[in-house]
Amino acid sequence: MAQYITKEGLKKLKDEVEHLKKVEIRRVTKLIAEAAAFGDLKENSSYHEARNQKSFLLGRIEQLENAINDAIVVEKQAGGAIQVDSKIKILFDGKEADYHIVAPGEADILKNKLSYQSPLGQQLMGKKMGDEFSYEVGNKKMKVKVLEVR
């Protein structure tokens with residue numbers, strides 16, 4: 001399934017795949033060989049742990065490669081509407097907040113990176129500077145106003 005992503009996000013995915021393939025797989029393969037050298041693989045917990053690590057890494061590489069293959073890098077369009085890769089300032093229930101709208105895999109609320117698929121992200125998509133809307137969190141309705149779109 002196609003996933004919209006920023007150039008920065010795609011680069012991070014590719015860098016992680018490269019690191020896993022060039023560094024981590026080699027490290028774990030070496031651990032497997034060292035553990036196997038102790039003999040009797042049936043009761044060799046180091047060997048089994050290293051094999052599990054390798055399986056996990058291979059699964060992660062496959063997951064990342066699928067995400068890369070399904071990625072659609074978005075370029076910001078003119079017009080001032082909020083879209084993937086927009087940096088925005090909103091008035092959220094009377095308090096200013098800055099966010100960067102990103103793909104779900106890039107989202108990190110601690111760094112103010114908000115997924116376009118999150119409930120708030122979905123409502124923000126397509127809005128322009130000055131637009132207002134109500135946003136419900138639990139049983140509380142809050143007013144949101146878009147102050148800036150970059």
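Student: Why is Asp 93 called partly exposed?

Tutor: Its relative accessibility is 36%. Buried means under 20% relative accessible area, exposed means over 50%, and partly exposed is in between (1.4 Å probe, protein chains only). The value 36% falls in between, so Asp 93 counts as partly exposed. Keep in mind that this is a predicted model, where local features need pLDDT of at least 70, side-chain atom pairs count only at pLDDT 80 or more, and totals for chains, interfaces and linings use all residues. Residues are numbered from 1 along each chain as its sequence is written, and side-chain values use heavy atoms, with hydrogens and water left out.

Student: What makes the phi of Asp 93 worth a remark?

Tutor: Most residues other than glycine have a negative phi. Asp 93 is not a glycine, yet its phi is positive, about 55 degrees. Asp 93 sits in the loop between E3 and E4. Helices (H or I, at least four residues) and strands (E, at least two) are DSSP runs, numbered from the N terminus. Asn 112 also has a positive phi, about 60 degrees, without being a glycine. Asn 112 belongs to the loop between E4 and E5.

Student: Is Asn 112 buried, exposed or partly exposed, and how do you know?

Tutor: Its relative accessible area is 35%, so Asn 112 is partly exposed.

Student: What makes Lys 111 exposed?

Tutor: Lys 111 has a relative accessible area of 61%. That is over 50%, so the label is exposed. Lys 111 is in the loop between E4 and strand E5 (113–115). Its C-alpha atom is 8.8 Å from that of His 100, eleven residues apart along the chain.

Student: Why is Ile 82 called buried?

Tutor: Its relative accessibility is 3%. The cut-off is under 20%, so Ile 82 is buried. Ile 82 lies in the loop between strand E2 (71–73) and E3. Gly 79 is in the loop between E2 and E3 as well, but at 55% Gly 79 counts as exposed.

Student: Which residues does Ile 82 contact, leaving aside neighbours within four places in sequence?

Tutor: Among them are Ile 88, Ile 101, Leu 124 and Val 146. Contact means heavy atoms within 4.5 Å. Leu 124 touches Ile 82, Phe 133 and Val 144, among others, not counting residues up to four places away.

Student: What makes a set of residues a nonpolar core?

Tutor: The members are buried Ala, Val, Leu, Ile, Met, Phe, Trp, Tyr and Cys residues, joined through side-chain atoms within 4.5 Å. The largest one here has 35 residues. Ile 88, Ile 90, Phe 92, Ile 101, Leu 120, Leu 124 and Val 144 touch the most other members. H1 gives the largest share of this core, eight residues.

Student: Why are H1 and H2 called roughly antiparallel?

Tutor: The axes of helix H1 (residues 7–36) and helix H2 (residues 45–70) cross at roughly 160 degrees and come within 9 Å. Axes are lines fitted to C-alpha atoms, for helices over the stretch in contact, and angles run from 0 to 180 degrees between N-to-C directions. Angles under 35 degrees count as roughly parallel, over 145 as roughly antiparallel, 65 to 115 as roughly perpendicular and the rest as oblique. The crossing angle is over 145, so H1 is roughly antiparallel to H2.
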